[in-house]
Amino acid sequence: SRFFFETSFGAAAKFINTDNFEFASLECSFCALKVYFDDAVIQNGKAAIDVDVSFGSVELYIPRSWNLVDETSAAFGSVKEKNRNRPAGTTSVTLTGDVSFGGVEIVYI
């Protein structure tokens with residue numbers, strides 16, 4: 001239910017396949033990281049994703065049914081959303097962390 005990924009100086013793709021997703025910690029420095037949450041199920045209605053991005057890029061592939069709350073801090077970086085929709089469900093994911101000299105892109109699938 002809890003995932004920790006650390007990537008440096010390279011590229012990686014991670015796939016979250018769980019029936020009880022609660023938390024993911026993603027550290028990315030000088031790299032490109034793609035994380036797919038399309039096979040993750042949130043049981044209690046709330047989950048969190050923490051990112052620490054410096055000089056890199058992270059792409060998060062999030063189900064359209066999840067309501068994402070962005071609470072990240074970006075210094076010389078950005079957090080962008082693609083295919084944003086307003087889900088009617090009660091599943092909520094809080095995105096926290098720091099983005100420095102890099103970017104986070106959230107793609108709703």
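This is a short tour of a predicted model, going from the whole chain to single residues.

**Whole chain**

Start with the entire protein shown as a cartoon. Switch to C-alpha atoms: along the principal axes they fill a box of roughly 35 × 25 × 20 Å. The radius of gyration is 13 Å, which agrees with the value near 13 Å that a compact globule of 109 residues would have.

Contacts tell how the chain is put together. Taking pairs at least 6 apart in sequence, 64% of the contacts join residues at least 24 apart.

Of the 109 residues, 42% count as buried.

**The core**

Next, select F21, L26, F37, I49 and L60. These are the residues with the most contacts inside the largest nonpolar core, which has 28 residues. Two or more residues of this core come from each of β1 (2-8), β3, β4, β5 (46-54), β6 (57-62), β9 (92-100) and β10 (103-108). In soluble globular proteins, nonpolar side chains tend to be buried together.

Keep F21 and hide the others. Leaving aside residues up to four places away in sequence, F21 touches S1, F3, I16, F37, A40, V41, I42, A47, A48, I49 and W66. One of these, F37, is also on the list of core residues with the most contacts.

**A residue in β9**

Move to S92, which sits in strand β9. Is S92 buried or exposed? Its relative accessibility is 18%, so S92 counts as buried, the cut-off being under 20%. Beyond residues up to four places away in sequence, S92 touches G45, K46, A47, N67 and V69. A47 is also touched by F21.

E22 and S92 are 70 residues apart along the chain, and their C-alpha atoms are separated by 11 Å.

**A patch on the surface**

Finish on the outside by selecting F9, F30, F55, F76 and F101. Together these residues form a nonpolar patch on the surface, with about 630 Å² of accessible area.

Zoom in on one of them, F30. Where does F30 lie? F30 is in the loop between β3 (23-29) and β4 (32-40). With 43% relative accessibility, F30 counts as partly exposed, because that class runs between the 20% limit for buried and the 50% limit for exposed.

Conventions:
Residues numbered from 1 in each chain as written. Predicted model: local features only at pLDDT ≥ 70, side-chain atom pairs only at ≥ 80, totals over all residues. Heavy atoms only, no water. Patch = residues over 30% accessible without salt bridge, like charges linked within 9 Å, V, L, I, M, F, W, Y side chains within 5 Å. Areas by Shrake-Rupley, 256 points an atom, 1.4 Å probe, with all protein chains shown as cover. Salt bridge = Lys/Arg side-chain N within 4 Å of Asp/Glu carboxyl O. Helix = DSSP H or I, 4+ residues; strand = E, 2+ residues; numbered from the N terminus. Buried < 20%, exposed > 50% of the residue type's maximum accessible area, 1.4 Å probe, protein only. Rg over C-alpha atoms; globule rule 2.2 N^0.38 Å. Contact = heavy atoms within 4.5 Å. Core = buried A, V, L, I, M, F, W, Y, C linked by side-chain atoms within 4.5 Å.
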